[in-house]
Amino acid sequence: MADTRVKICGLTRPEDVAAVAAAGARYAGFVFFPKSPRNLSVAAARDLALLAPVGLAKVALVVNPTDDLLDEITRAVPLDMIQLHGSESPERVAEVRARWGLPVMKAVGVAGAEDLDRLTVYQQVADQILVDAKPPKGADLPGGNGLAFDWRLIAGRRWSRPWMLAGGLTPDNVARAVAMTGAAQVDVSSGVESAPGVKDAAMIARFVAAAMEAEAPPRL
Ligand SMILES: O=C(O)c1ccccc1NCC(=O)[C@H](O)[C@H](O)COP(=O)(O)O
């Protein structure tokens, strides 16, 4: 059994926080991106974050955030991590980490082998890497699109930092994804929704159980 750590991203309602905690997920993600069906105001995110029990890490997902937005979010919302999901440079990742004093997870989009060097670059400055599918050209959202990339691209890769696998994961494919990539952590958003932005408690429970029971490849 892999005992995979799960992040459920894009919670919008108190019952989502309860479902995520009851299922045994380890991270809850709150999205601050106006175009997203999962977008939250700072006040709404604060209310949700205050419901999270000890052991459920609260992650703020932001896209190329201004300093003012980061100030506003970090002053109001009790957080454990900042997720940068835009085109932030390595220098900006290092700056956010130093200035706001929280661990930073940098999302890196992967579509082909040409994207893999960026994983190495960002591992040098971020606390964690979120390895996600690259959004299609012209997509409204830089993440949360329910698209998977070819997991063979990262199978057997050596990592110098903790990382999470994301992109198109579902209760039905997460065990295969863990077995193929050796991911110790996985992230999902649309794969546990009944409609865009609407989380489904039964799907969350099924996803977390499948991820935790997955067989990981031997870690050498
Ligand atoms: O989920 C969003 O709406 C979103 C908006 C803007 C930037 C990133 C966003 N989501 C990123 C995530 O962390 C997702 O969990 C990740 O991309 C996987 O999404 P999915 O393929 O839908 O499981």
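Modeller: A residue is called buried if 20 or more other C-beta atoms lie within 10 Å of its own, exposed if 12 or fewer, and partly exposed in between, with C-beta atoms placed from the backbone. The model is predicted: local features need pLDDT of at least 70, side-chain atom pairs count only at pLDDT 80 or more, and totals for chains, interfaces and linings use all residues. Residues are numbered from 1 along each chain as its sequence is written.

Colleague: Why is Pro217 called partly exposed?

Modeller: Pro217 has 13 other C-beta atoms within 10 Å. Exposed requires 12 or fewer and buried requires 20 or more, so Pro217 is partly exposed.

Colleague: Where is Pro217 found, and which residues does Pro217 touch?

Modeller: Pro217 is found in the segment after α7; helices (H or I, at least four residues) and strands (E, at least two) are DSSP runs, numbered from the N terminus. Not counting residues up to four places away in sequence, Pro217 touches Ala179 and Gly182. Two residues are in contact if their C-beta atoms, placed from the backbone, lie within 7 Å.

Colleague: What puts the buried residues of α1 on the same side?

Modeller: The buried residues of helix α1 (residues 14–23) are Asp16, Val17, Ala19, Val20 and Ala23. They cover an arc of only 165° around the axis, which puts them on the same side of α1; the arc is that of the directions from the helix axis to the C-beta atoms. An α-helix has 3.6 residues a turn, so residues three or four places apart point the same way. On the other side of α1, Pro14 and Glu15 are exposed. What covers the buried residues of α1 includes β1 (5–9), β2, α2 (42–49), β10 (198–199) and α7.

Colleague: What makes a set of residues a nonpolar core?

Modeller: A nonpolar core is a set of buried Ala, Val, Leu, Ile, Met, Phe, Trp, Tyr and Cys residues joined through C-beta atoms within 7 Å. Of the 61 residues in the largest such core, Ile8, Phe30, Val131 and Val186 touch the most other members. Helix α7 (residues 201–213) gives the most to this core, with 6 residues.

Colleague: How many residues surround the ligand?

Modeller: There are 27 residues around the ligand, and the closest are Cys9, Ser36, Gly143, Gly144 and Ser190. A residue is near a molecule or strand if its C-beta atom, placed from the backbone, lies within 6 Å of it. β2 (27–32) and β8 (185–188) each supply at least two residues of this shell.
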